[in-house]
Structure formats: structure tokens, C-alpha cells
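Welcome to this tour! Open your viewer, get ready to select residues, and follow along one stop at a time.

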Amino acid sequence: VSTQSTMGSFSFIDMISDKENPFKSWDATRLTEEIERNLNIVKEDAILERKREVDLASEQKFRKNMIRFVILFFDLSPAMRLTDLKPNRLALTISYIRNFVVEYFDKNPLSSLALGILAKGRAHILADFSTNAKSIFDALDKVDDSVGEISLQNGMEMALAAMADCPLYCNKEILLISSAAATNDPGDIFETIGKVEEAKITISVIGLSGKNHISGLISERTGGRYDVVQSEDHYMTVLLRHANPSQVVDEARAHMLVPIAFPQKKKEVHPFLCVCHSKLDYIHYICPRCHARNCEIPTSCAVCGITLASYPHLARIYRHLFQSSVFKLVQVQLEKRMPIEVEGNHKNGVENGNGVLQVMTEHELKGQNCEGCLKPILSSVQDMNQPHISQCQRCMNYFCLDCDIYIHDNLYKCPSCI
């Protein structure tokens with residue numbers, strides 16, 4: 001909307017964004033402040049939700065899979081062209097898969113990932129199991145725009161064949177990103193679900209079009225989880241959740257010893273064929289058991305089958321062997337605001353052992369600094385609708401929520417406790 005006056009033309013957007021505009025009305029100022037306040041509330045709620053997930057993960061105690069074989073399927077149904085997720089579901093899915101691949105290999109250095117699609121009633125593997133993110137990215141670049149009905153049964157049959165040669169000690173998983181509301185199968189899909197259960201393959205589903213019965217049944221019977229996407233940010237959150245090491249399903253496999261060899265990296269004068277991809281290259285990793293040339297690690301030797309890795313790979317999985325530091329939320333009472341009414345089921349809080357949320361006043365925290373970023377702890381809560389900070393339950397030091405999330409996502413240990 002634009003307006004013409006004797007002093008020139010201006011738009012409604014200019015009235016909102018330009019503070020020096022003499023035609024800026026009181027209503028426009030109030031609208032701008034309301035938008036900024038709502039955006040801050042949404043951002044704060046997202047941070048608190050992530051904090052609750054971090055607390056839940058740090059309190060849970062279970063065996064984690066260090067070696068995973070995951071097939072990531074996404075469908076090319078006509079619903080993938082919908083624009084409720086910008087720019088459309090397919091473009092956003094491909095973009096988020098790239099982020100997922102990077103996060104997956106960072107948190108699972110000894111694991112493998114394959115990429116597949118469901119389209120025109122068939123299942124196709126675009127990239128075989130690999131520990132190299134580049135092969136997944138190259139496959140994503142080749143995804144065409146063909147659409148058609150999907151078949152979950154064909155996808156599960158394809159996964160069963162691809163995972164038939166996986167080692168006994170690994171955990172086999174399927175992650176399905178589905179936008180279709182139905183599946184068109186050539187046979188009895190319940191028989192195929194039974195085969196997946198016998199093979200101890202976990203199937204998790206991320207639904208872009210709401211929850212449907214058959215996908216929910218598959219995830220429930222195989223021990224997976226079902227998430228329905230609510231927004232772009234929620235989509236990224238639920239997808240990256242599957243990058244974390246999963247819980248061990250078969251306890252018998254958890255006690256198996258895994259032989260690992262440390263190959264020697266060698267640069268040849270002349271190119272040689274690798275045994276894994278039959279490609280000419282100058283740089284190879286020589287298997288210490290059979291002396292075969294492999295072009296990448298970590299991987300399983302294509303000749304003798306032993307797991308090839310390096311010392312840094314083992315060091316990166318070390319962080320998952322121990323429980324993360326436990327931080328608890330502390331609600332801050334600012335002097336300029338009304339007193340906080342603390343209840344046992346507080347929406348944004350965490351209850352302590354007595355069922356009461358811990359509350360501290362601004363006076364008690366005055367002079368305290370965040371032990372992570374070393375900034376005054378009160379500076380991080382001044383603009384929050386529900387002011388919160390975190391406290392390590394071991395060293396009892398305080399952290400802002402940003403440092404808390406960074407510690408649990410990257411460091412895995414409290415820097416003050418080390």
C-alpha cells in the first residue's frame with residue numbers, strides 16, 4: 001500500500017521500518033514492536049524446547065550404537081511439490097538432508113549412510129552405503145523432478161536386500177521422509193513388515209502431510225519413532241534428532257567384539273585401482289591384514305571385511321561412551337517484573353526433587369558471570385519473556401542457555417568440571 005502526498009511518496013513498509021520518517025504513525029510503531037516481541041517469544045520457546053531435549057537426553061542411560069547402517073529414503077510423490085514449506089517440500093528436504101549428512105558423519109564417524117528415493121511405485125538406491133559425505137551430495141544433485149505414487153513395500157524390500165550383508169554387530173535403521181498420504185503396494189505389506197522385524201531393522205518416519213495409519217504401524221512395530229513436521233524449524237529439529245547415536249535394540253549384539261585395523265596411508269607414484277570402487281587413484285589406505293588398497297576410511301575392507309579406521313575416528317566416538325553433564329534450569333526473578341508463581345507443572349521449567357522449580361532473584365545473581373562465554377549472566381535474560389539460566393549439578397556454576405546447548409551439542413562435558 002502506498003500513499004502520495006505533497007512531501008513525496010512513501011510506502012507502508014517505509015512507515016514501519018524507517019524510524020526517522022515523519023509520517024510514521026503510532027499504530028505502525030505498535031505493530032513493529034508487537035512483531036518483534038512475538039518473534040522473540042518464538043525464538044525463546046524454541047531455545048527452551050531444545051533445552052528440555054538436552055536435559056532429557058543427558059538424564060537417560062542406555063547403550064548407544066557406535067556403528068550404524070542407515071538408509072535415508074524420501075519420496076517423490078506429487079505432494080512433494082506443495083509450497084507449505086518454502087520454497088517447496090522437495091527443495092527444502094534436499095537442503096535439510098545435506099545438513100543431516102554432515103551432522104550424521106560428525107556424530108557417527110564409524111557408521112555408514114545410504115540414500116534412496118521412492119517414486120513411480122518403485123524404490124531406487126541413489127548412493128550405496130558409504131562413509132563419505134561427497135557421494136551422498138553427488139547423488140542429491142542427480143535427483144530428477146519425476147513424480148508418482150510411492151510403494152512402502154518396495155522400499156522395505158529394497159532395504160532388506162541392501163542390508164543383507166551388513167555386519168552382525170551393527171545397528172540397521174531406515175529413515176523415511178514421507179509426503180504421500182497413501183502407499184500403492186504390489187503385495188502384502190504386512191508380510192514385509194514381519195520380515196523387517198525379523199531382520200531387526202528399525203524404521204523411523206518423518207511425515208510432511210500428517211500422520212497416516214500404515215506409516216505409524218511400521219514405526220511402532222519396528223521400534224522407531226514417528227514425527228509430524230509442523231514448520232521449517234521443526235522439520236530441521238526432528239531430522240537432526242536422528243543423527244544422534246541411537247539406542248541399542250539387540251543386547252546380544254552390544255557385547256560383540258569388533259575387530260578394527262588401522263591402515264597406512266600411502267601415496268603412489270602411479271595410479272592403482274582401489275578394491276572398493278575400482279577407480280584409479282594415487283592415494284590409498286593399505287589394509288594391514290590383506291594389504292588391499294582402499295580409497296577411503298572408515299570403511300570395511302572389500303577383501304577381508306575388517307573395519308578400517310583411524311585413531312581420530314575412535315577419539316570422536318569416545319564422547320558417546322559416557323553420560324553428558326547434567327544441567328538444570330533456574331528461573332530468574334527480575335526486579336522490574338512481577339513475582340514468579342512457581343507450580344509443579346510449570347510450562348517452561350524443570351522440577352527439582354521436591355517438585356518445585358528453582359528460582360533465584362536478580363540480586364542473588366548480581367556479579368555472576370556465565371562460565372562459558374564469561375559474560376554477565378543477567379545480560380542473557382534481560383529480554384526474555386520467561387528468564388532462565390542453567391546450573392551444572394556437579395560444579396554448581398551458572399551458564400546461559402546458549403552456552404548450555406553448545407556444551408551438550410559439541411563439547412559433551414562441562415568446561416568447569418574438566
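How much space lies in the largest cavity? About 100 Å³. Before you look, here is how to read the tour: this is a predicted model, in which local features need pLDDT of at least 70, side-chain atom pairs count only at pLDDT 80 or more, and totals for chains, interfaces and linings use all residues. Residues are numbered from 1 along each chain as its sequence is written, and side-chain values use heavy atoms, leaving out hydrogens and water.

**Stop 1: the largest cavity**

On a 1 Å grid over the protein atoms alone, a cavity is a set of points where a 1.4 Å probe fits but cannot get out; a pocket is an open set with protein on both sides within 12 Å along at least five of seven lines; lining residues have an atom within 4 Å of a point. Grid points are joined across faces, edges and corners, and a volume is the space filled by probe spheres set on those points. The structure holds three cavities of 30 Å³ or more.

Select Phe73, Leu118, Leu152, Gly155, Met156, Ile174, Leu176, Ile203, Val205, Ser215 and Ile218 to see the lining of the largest cavity. Two or more of its lining residues come from each of helix 5 (152-162), strand 6 (171-178), strand 7 (201-207) and helix 7 (213-222). Helices (H or I, at least four residues) and strands (E, at least two) are DSSP runs, numbered from the N terminus. Helix 5 gives the most, with three residues.

Now colour the lining by class. Ala, Val, Leu, Ile, Met, Phe, Trp, Tyr, Cys and Pro count as nonpolar, Asp, Glu, Lys and Arg as charged, and the others, Gly among them, as polar.

**Stop 2**

Next, select Ser178, Ser179, Ala180, Val205, Gly207, Leu208, Ser209, Gly210, Asn212, Ser215 and Tyr226. They line the second largest cavity, which has a volume of about 40 Å³. This lining has four nonpolar, seven polar and no charged residues.

**Stop 3**

Show helix 5 together with helix 6 (residues 189-198): they pack at an angle of about 30 degrees, with their axes 10 Å apart. Axes are lines fitted to C-alpha atoms, for helices over the stretch in contact, and angles run from 0 to 180 degrees between N-to-C directions. That angle makes helix 5 roughly parallel to helix 6 (under 35 degrees counts as roughly parallel). To see the contact (heavy atoms within 4.5 Å), select Leu152, Gln153, Met156, Glu157 and Leu160 of helix 5 with Ile189, Thr192, Ile193, Lys195 and Val196 of helix 6.

Among the contact residues are Phe190 and Glu197 of helix 6 and Leu217 and Arg221 of helix 7. By class, this contact has seven nonpolar, two polar and two charged residues.

**Stop 4**

Finally, which residues are the closest to the centre of the second largest pocket? Select Phe129, Ser130, His277, Glu296 and Thr299, from the 30 residues that line this pocket. Its volume is about 830 Å³. Strand 5 (122-130), helix 4 (133-141) and strand 13 (299-300) each give two or more residues to the lining, and the largest share, four residues, comes from strand 5. The lining has 14 nonpolar, 10 polar and six charged residues.

Technical notes: Parallel < 35°, antiparallel > 145°, perpendicular 65-115°, else oblique.
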